[in-house]
Amino acid sequence: MSADFLYGIEVVINGLMAGVLYALVALGFVLIYKASGIFNYAQGVMALFSALTLAGIMSGQVPFAHLINAIFGTDIHYFGWNVPVLAAIILTLIVMVIFAWGVQRFVFRHLVGQEPIILFMATIGLAYFLEGVGDLMWGSDIKTLAVGLPQGGSLVVEEWTAGLGGDDFFGFFIDELDMAATVVAIILVIGLIGFSQYTKQGRAMRAVADDHQAALSVGISLNFIWVLVWSLAGLVALVAGIMWGAKSGVQFSLSLIALKALPVLMLGGFTSIPGAIVGGLIIGVGEKLFEYLIGAPYLGGATENWFAYVLALLFLVFRPQGLFGERIIERV
Amino acid sequence: MNSPVEHYVTTDGRQIGGVMMDLRDITLRFGGVEAIKAISFDIREGEIRAIIGPNGAGKSSMLNVISGFYKPQQGEVYFRGQKRPPLKPYQVARQGVARTFQNIALFEGMSVLDNIMTGRMGHIKSNMLAQAIWAGKAQREENENRAAVERIIDFLEIQAIRKTPVGRLPYGLKKRVELARALAAEPDLLLLDEPMAGMNVEEKEDMSRFILDVNDEFGTTIALIEHDMGVVMDLSDRVVVMDYGRKIGDGTPDEVRNNQEVIDAYLGVAHD
């Protein structure tokens, strides 16, 4: 096999892995949108916030330290202990569940039955509020997130595959972090699907997504389901936050990954979990392959920044409901 | 006008028990409009109770009050002898009150089977993890719930459409699936909001038969709203008649039929 072809394959594999991360963010959007019709602009900030919280808890930071010091004239910043990764993840999840409850109790409970655009505006407010809370709680400095995930290219894969090509092929370069992210994402998706298909709460979630009135009449509490859904979105945000945070540090730009999820949603549809995954993979592979085949040689590179949006635009024109979205049928 | 307080047996041999639900002086307002004006009536265990009246009489509002979808401004609801605090609809459902809707509220994206399974929601007690990995008690429970749902499917003769997505079904069958879902909860009180609206004669006959069978075989207490006077008179043990939010008649079908106010409301009367 020629080296060029093999490098093409490497690009595809790396694209798939980047796609998994996009899918992970998109999944958070789909969960909330499906169950409540809310397009949650704050999903990206939730990822940032959960990563900040995780990093903060792990390093034993005192939450709201700045505020406390300003009020009481103290000078405390750290508890002086380090929390083990697993315990910190569990604590962060608890924080995300409390956040989910708060969002439902103080925001969306009062907005039931409002126009989608108003719900959307509320999530924009929520995004900036949460960003501010994140800053206030943990400070605005860039944090590293060392949760023990492997980093750098995988030598094993490189050695294994080096023999495939000729003399100018040196094996696939695949980031170990991407590989770990892929495994985690697959487990998460299987877990979510199992949950929604085989448990009472999952069935209730699908019921609420379908018809509120009918759900109420069979004894489902809408509030409970919405808190549940926001908690699940919090879990997905945490996983995405860990992966992206481990990759490029926990900083404000982490919240911008939400923008990467938009084209994925346009491709996959806003209401389909498989759609979010396939959409993510297509965008991941598409942008890497486009860059490799066309962007870098002919267009001067850096096409990854816009390729996804152009692809999404094409989809909007020809298949507005996305690949797996519920079909739009208009009867006159 | 009301039937005796003691338990009795109907002419066709069904047991009618004491008062299950007692509505006292219910008043419901939407802004300045009084949809229900100080209405009181009761529903007894094992009976089929009809609420009739012309369009806009407040019948559906009454059913919505019973099922917790509307909160009356005044009046009290007594359920099984106890005063009921203001409850959310899902809490009322969990107390054993199931309902159907005038405009059909089904989960259109799910199959008929899944729709009916949601009716069993209150009968699943095992924890989330056990359900997900399908272990021990959860599996037994799931099997029991499946069996119960299959009995209802047989009972309502919808075996042929078990796996069909509800969105694809014709109107008459949707009505039947909605009834199946309500029955799956094994309710003590079943509320039917115009179960026969928009049906042809044959479908109406089927639905009447199902309603009678449900009441007869499961002993379910039923309160229903219906427009078709003939159907109501055949089905029900006692009838409440509403007009412009007021109660204008209450009693056996025969008593109601001969009530002058009811005749006026239905046939129209010259107002001076």
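Trainee: How many residues lie between β3(B) and β4(B) in their hairpin, and which residue in the turn has a positive phi?

Mentor: The hairpin leaves two residues between β3(B) and β4(B). The turn residue with the positive phi, about 60 degrees, is B:Gly31. This is a predicted model: local features need pLDDT of at least 70, side-chain atom pairs count only at pLDDT 80 or more, and totals for chains, interfaces and linings use all residues. Residues are numbered from 1 along each chain as its sequence is written, while chains are lettered from A and ligands numbered from 1 in the order in which they are written.

Trainee: How do you know that β3(B) and β4(B) pair?

Mentor: Pairing takes at least two bridges found by DSSP between two strands. Strand β3 (residues 19-30) and strand β4 (residues 33-44) of chain B have eight, and they run antiparallel. Eight bridges against a cut-off of two, so they pair. Within that pairing, B:Leu28 stands opposite B:Ile36. Strands here are DSSP runs of E with at least two residues, helices are runs of H or I with at least four, and both are numbered from the N terminus.

Trainee: Which other strand does β3(B) join by five bridges?

Mentor: Strand β6 (residues 74-79) of chain B, again antiparallel. B:Met21 has B:Phe79 in β6(B) as its bridge partner.

Trainee: Why is chain B called as compact as a globular protein of its length?

Mentor: The chain has ten helices and twelve strands. Its radius of gyration is 19 Å, and the globule rule gives 19 Å for 272 residues, so chain B is as compact as a globular protein of that length. The radius is taken over C-alpha atoms; the rule is 2.2 Å times the number of residues to the power 0.38. Along the principal axes, the C-alpha trace spans about 70 × 40 × 40 Å.

Trainee: What makes A:Asp167 exposed or buried?

Mentor: Count C-beta atoms, placed from the backbone, within 10 Å of the residue's own: 20 or more others is buried, 12 or fewer exposed, in between partly exposed. A:Asp167 has 6, so it counts as exposed. The residue sits in the loop between α6 (155-162) and α7 of chain A. A:Ser2 is 165 residues away in sequence, yet 9.9 Å away in space, C-alpha to C-alpha. In chain B, 42% of the 272 residues are buried.

Trainee: Which domains does chain B have, and how far apart are their centres?

Mentor: Domain 1 is 1-96 + 187-272 and domain 2 is 108-186. The bounds come from an automatic or database domain assignment. The C-alpha centres of the two domains of chain B lie 27 Å apart. Nine residues of domain 1 and ten of domain 2 make the contact in chain B.

Trainee: What are the confidence values for chain B and the complex?

Mentor: pLDDT is the predictor's confidence in each residue, from 0 to 100. Chain B averages 89, with 93% of the residues scoring at least 70. For the complex, the predictor gives an ipTM of 0.87 and a pTM of 0.85.

Methods. Two residues are in contact if their C-beta atoms, placed from the backbone, lie within 7 Å.
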